Structure formats: C-alpha cells, structure tokens
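This report describes a single protein chain. Please have the sequence and the model at hand while reading.

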Amino acid sequence: MEEPQAQQPQATPPVTNFWLKEGMLRSVWSVSGYFLAVLFLTVILIIINSPIGIIDDWRIANPLFMLLAALGISWMMAVAVDRVPFMEVTGLRWRRSSAWQLAGGIAVAGLMQAALLLLELLFGDARIFLGQLTFSYVAVLLTYSLFTFSLVGFAEEILMRGYPFTILHQRSGSMRALVITAVIFSLIHGANPGIGWLGFANIFLAGIWLGAARLVTGALWLPIGLHIGWNFFLGSVFGFPVSGVFERSVFITEYSGPDWLTGGSFGPEGGLLATAVLIAGTAILYLPGISSWLSPAANSQPRTEKGATTEHKEES
C-alpha cells in the first residue's frame with residue numbers, strides 16, 4: 001500500500017498594494033523618495049558649507065555637493081531598498097569602452113556645438129571674436145572650466161540618468177524612463193535666468209538626447225561625456241550663455257537675430273537652432289550602424305590581463 005505523499009506548501013505570492021508591486025517598492029515611490037532625499041542632503045551640505053566657507057566658489061561647491069548627495073542616496077537606495085549592485089543601477093560600471101565613450105562624448109558634443117555656432121552665424125546674425133588672451137590665461141581658463149563642467153556633468157547625469165533612470169526603465173519601460181527624467185531635468189533648470197518656453201522645451205530635448213545615449217550604450221559614460229562637452233564648448237570655448245549663465249570664454253560670440261531662433265539671453269538652448277541640433281543628435285544615436293556599435297553587447301567584454309577578451313556576464 002502506497003503511503004500518501006506530503007503536500008508541498010504553496011509559495012506565498014509577492015505582495016502587491018499601494019506601496020509595493022510584486023514585493024518591490026513601486027517605481028514612483030522609489031524615484032520620488034530618491035529625488036527628495038538628494039534635494040534634502042544637497043541643501044544640508046550647502047547650508048553647512050555657507051558659514052564655514054570650505055568651498056567658496058559656487059561653481060565648484062554646488063555641483064560637488066549635488067554629486068556627493070546623488071552618489072550617497074543612490075548607494076543607499078541600491079543597497080538598502082532595492083538590493084541591486086550599485087555600479088549596475090547607476091550605469092557607472094567601468095568597461096573597456098567606458099574611456100572612449102567618455103572622451104568621445106566630449107568630442108561629439110564639441111562637433112555639435114560647432115554646428116550650432118555655424119547655424120548662429122548663418123541664420124542668427126551672429127559674429128564671433130577672439131579676445132586678447134595670453135596662452136597661460138587660456139590654459140587656466142579651459143582647465144578650470146573643464147573641471148567645473150565635469151562636476152556638473154557627473155552630478156546631473158548621476159542624479160537624472162543613474163539610479164532613477166534604471167529603476168524606471170526596468171519597471172515602467174524605456175519610454176517612461178526617457179520622458180519622466182527629461183521632464184524633471186527640464187524643471188530643475190526652471191530658476192535659470194532668461195528661461196522661456198523654448199528653453200524648457202530644449203532642455204527637455206537635451207534630456208531625451210542624453211537618455212537615448214544611456215539607453216543605446218547601457219551605461220552612463222557617454223551621456224556624461226556629451227553633457228560635459230555640450231556645456232564646455234557652448235560656454236567656455238564659443239562664449240554663449242549656458243542655460244542663461246554667462247561664462248568666461250576663449251571666443252566672444254554676439255548675435256542679434258530673433259530670440260525664438262537664437263535663444264536670446266538664455267543662450268542658444270533657448271532657440272530653434274538648438275532644437276534642430278538636439279533632434280539631429282538624438283536621431284544619429286539610433287542610426288543602425290551607430291546604435292549597434294554603441295550597444296552594450298558590442299562593448300561589454302572586459303579585457304583580460306593579456307589583452308584578450310572574455311565574455312562578460314551581466315548581473316541580474
């Protein structure tokens with residue numbers, strides 16, 4: 001006579017409620033909590049620094065504190081809340097392609113700014129002058145500007161297209177990740193001087209462009225390079241206002257065309273000429289040859305010590 005088999009206990013289904021979806025914190029709460037925590041920590045760091053004056057240059061202090069806050073909160077959310085690898089969720093894992101994506105992003109953004117300058121000269125009634133500058137002044141200026149804009153690029157890209165972009169992409173899809181982060185990216189520039197509706201629209205498009213670079217490469221290094229290069233060449237090289245903020249520059253560019261075309265006091269980012277450049281830059285990322293060349297599958301094999309390549313297995 002056969003003995004009755006013991007019944008296997010049924011697995012408890014993952015909890016789904018207002019806060020959780022299949023046992024995981026809903027993306028809206030993860031992302032909202034992340035941004036609020038980063039904002040709070042950044043403000044606290046700025047308040048602490050103000051009377052002490054450890055860093056008295058706001059061009060260094062503000063992005064540095066934002067960067068520290070974004071990294072700290074991203075680590076906390078990754079480890080304590082979502083239990084995922086920090087380097088993966090932020091897109092900062094270093095691969096053999098990371099260095100050339102970072103440097104290439106700066107160079108590509110420089111070419112885009114050269115194209116934008118050409119459009120301003122052709123259609124925006126712009127004129128460009130080279131100031132009476134010494135070699136040492138230019139070297140110090142460009143070094144300082146590259147450093148400060150690198151802080152901005154790292155801070156804003158980790159803030160926007162690091163942890164929150166990954167969470168939204170995984171749980172809500174790539175389109176929502178692109179649009180939501182681009183909207184927030186546009187809104188955080190709302191206090192910049194001279195911004196208008198075209199300025200908001202173009203910064204939104206810049207968020208789409210940078211988000212597309214994040215999607216195509218599967219990492220954050222190309223968007224960081226593009227962000228750094230865009231600001232650096234726009235402001236410190238060609239002498240345009242960067243999102244309404246004037247920078248010391250090698251060249252001085254003046255334009256007298258209509259604001260809706262040239263951007264007015266906000267700089268080219270507030271005009272339709274920049275709209276065309278940003279749309280073109282985004283479209284280029286999705287050209288079949290470019291997207292396949294930049295794809296994670298084509299760049300995810302780390303080099304061995306002998307220079308050979310080994311297959312890299314992504315962490316789940």
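## Confidence and overall make-up

The model is predicted. Mean pLDDT for the chain is 89, and 88% of its residues reach 70 or more. Among the elements of the chain, helix α9 has the highest mean pLDDT, at 98, while helix α13 (residues 296-299) has the lowest, at 69. Over residues 302-316 pLDDT stays under 50, and the model has 22 contacts beyond four places in sequence for this stretch. Where pLDDT is low, the predicted coordinates should not be read in detail.

The chain contains 13 helices and four strands. Of its 316 residues, 45% are buried. Of the contacts between residues at least 6 apart in sequence, 71% join residues at least 24 apart. The chain exposes about 16,700 Å², of which 68% is supplied by carbon and sulfur atoms.

## Salt bridges

Six salt bridges are found in a search of the whole structure. Among them are the pairs in this table.

| Salt bridge | Closest N to O distance |
|---|---|
| Glu88 and Arg95 | 4.0 Å |
| Glu157 and Arg161 | 2.6 Å |

Arg59 is partly exposed because its relative accessibility is 23%. Glu247, at 19%, falls under the 20% limit and therefore counts as buried.

The pair Glu157 and Arg161 has a local setting. Both residues lie in helix α5 (residues 135-161), and because they are four residues apart there, about one helical turn separates them. Glu157 is buried, with 0% relative accessibility. Arg161 is likewise buried, its relative accessible area being 0%.

Glu88 takes part in a network of salt bridges that links it with Arg93 and Arg95. The closest N and O atoms of Glu88 and Arg95 are 4.0 Å apart.

## Nonpolar core and surface patch

Which residues have the most contacts inside the largest nonpolar core? They are Tyr34, Trp209 and Trp230, in a core of 66 residues. Helix α9 gives the most to this core, with nine residues. Not counting residues up to four places away in sequence, Tyr34 touches Ala70, Ile73, Ser74, Met77, Ile158, Leu159, Tyr163 and Pro164.

Leu39, Phe40, Val43, Ile44, Ile47, Ile48, Ile52 and Ile54 form a nonpolar patch on the surface, with about 800 Å² of accessible area together. One of these residues, Ile54, is found in the loop between α1 (27-52) and α2. Ile54 has a relative accessible area of 63%, which is over the 50% limit, so Ile54 counts as exposed.

## Individual residues

Ser172 lies in helix α6 (residues 163-172). Is Ser172 buried or partly exposed? Ser172 is partly exposed, with a relative accessible area of 24%. Ser172 and Arg26 are 146 residues apart in sequence, yet their C-alpha atoms are 9.7 Å apart in space. Leaving aside residues up to four places away in sequence, Ser172 touches Ser27 and Ile167.

Two loop residues have a positive phi without being glycine. Asp125 has a phi near 55°, a positive value in a residue other than glycine, and is found in the loop between α4 (98-123) and β3 (126-130). Ser243 is not a glycine either, and its phi is positive at about 50°. Ser243 is buried, with 7% relative accessibility.

Conventions: Residues numbered from 1 in each chain as written. Predicted model: local features only at pLDDT ≥ 70, side-chain atom pairs only at ≥ 80, totals over all residues. Heavy atoms only, no water. Salt bridge = Lys/Arg side-chain N within 4 Å of Asp/Glu carboxyl O. Buried < 20%, exposed > 50% of the residue type's maximum accessible area, 1.4 Å probe, protein only. Patch = residues over 30% accessible without salt bridge, like charges linked within 9 Å, V, L, I, M, F, W, Y side chains within 5 Å. Areas by Shrake-Rupley, 256 points an atom, 1.4 Å probe, with all protein chains shown as cover. Core = buried A, V, L, I, M, F, W, Y, C linked by side-chain atoms within 4.5 Å. Contact = heavy atoms within 4.5 Å. pLDDT = per-residue confidence, 0-100.
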